[in-house]
Amino acid sequence: MSASLTTVILFLSFAAALAILAYLIDTYAQWALENDVGGIAASVADFLASQIRDAVSSGAVPGVREISKKLLIPTSFYSLDAAGVVVVVGNDGGNLYVNATVTGLRGKGVATASRVAWIYNITSWAAYNGRGLYLVGQYVSLSQCDTAVGFNITTPGCRAQIIDASLRVVAR
């Protein structure tokens, strides 16, 4: 009887150790996924901010009347099984920013992270250079900033979610 009791105790101890180990591995995997998704969100925000900086810098060159640049949003990432990306461009008190929210799936884990990349004071840039910065194409307006040219993101308080949009720099 004592040998079978010892066997039962060992079996239960082993089962409990495996359950604890499985929990620890799952917790670590979720932490790693959250870390990866946060890094991807930061990369997406920085990538979009870089594209906007390039367009704005090119549009400020003397003699350039208008420039248009397609904004590319990455949607697949090698470290994730699936991902959803939402990018919002906005003007907060004259300062242009990009907010990227990424939801990533890996195995049975899901994580969401948002990161912001600040560009610079676009309102003072527009006034100094006599230019306007507009979104054209597919976007979701999150404020009342639509004009005949496009969505005016040089105006403070304006923000829009980019779906398939281009950035347009136009002389005023």
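This report describes the fold, the surface, the disulfide and a few selected residues of a predicted protein model.

## Basis of the model

The model is predicted: local features need pLDDT of at least 70, side-chain atom pairs count only at pLDDT 80 or more, and totals for chains, interfaces and linings use all residues. Residues are numbered from 1 along each chain as its sequence is written, and side-chain values use heavy atoms, with hydrogens and water left out.

## Fold and overall shape

The protein chain has two helices and seven strands. Helices (H or I, at least four residues) and strands (E, at least two) are DSSP runs, numbered from the N terminus. Along the sequence the order is α-β-β-β-β-α-β-β-β. The radius of gyration is 24 Å, well over the 16 Å that the globule rule gives for 172 residues, so the protein chain is more spread out than a compact globule. That radius is taken over C-alpha atoms, and the globule rule is 2.2 Å times the number of residues to the power 0.38.

Along the principal axes, the C-alpha atoms fill a box of roughly 95 × 25 × 25 Å. Contact means heavy atoms within 4.5 Å. Of the contacts with a separation of 6 or more, 61% are between residues 24 or more positions apart.

## Surface and charge

Buried residues make up 34% of the 172 residues in the protein chain. Buried means under 20% relative accessible area, exposed over 50%, and partly exposed in between (1.4 Å probe, protein chains only). The accessible surface comes to about 9,600 Å². Carbon and sulfur atoms hold 61% of that surface. Areas come from the Shrake-Rupley method with a 1.4 Å probe; for residues, only the protein chains shown count as cover.

The protein chain carries 11 positive and 10 negative side chains. The centres of the two sets lie 9 Å apart. Lys and Arg count as positive and Asp and Glu as negative, while His and the chain ends are not counted. Each charge is placed at NZ of Lys, CZ of Arg, CG of Asp or CD of Glu.

## The disulfide

A search of the whole structure finds one disulfide (a pair of cysteine sulfur atoms within 2.5 Å). The link joins C145 to C158, with S to S at 1.7 Å. It is left-handed, with -85° about the S-S bond. C145 lies in the loop between β5 (131-141) and β6 (151-152), and C158 in the loop between β6 and β7 (159-171), so the pair ties together parts that are 13 residues apart in sequence.

Both ends are covered. C145 counts as buried at 10% relative accessibility. C158 is also buried, at 1%.

Helix α1 spans residues 2-59 and contains S4. S4 is partly exposed, at 41% relative accessibility. A42 and S114 are 72 residues apart along the chain, yet their C-alpha atoms are separated by 7.6 Å.

Strand β4 covers residues 109-121 and includes T112. T112 is exposed, with a relative accessible area of 55%. Leaving aside neighbours within four places in sequence, T112 is in contact with V37, T101, V102 and T103. T112 and V85 are 27 residues apart in sequence and 9.7 Å apart in space, C-alpha to C-alpha.
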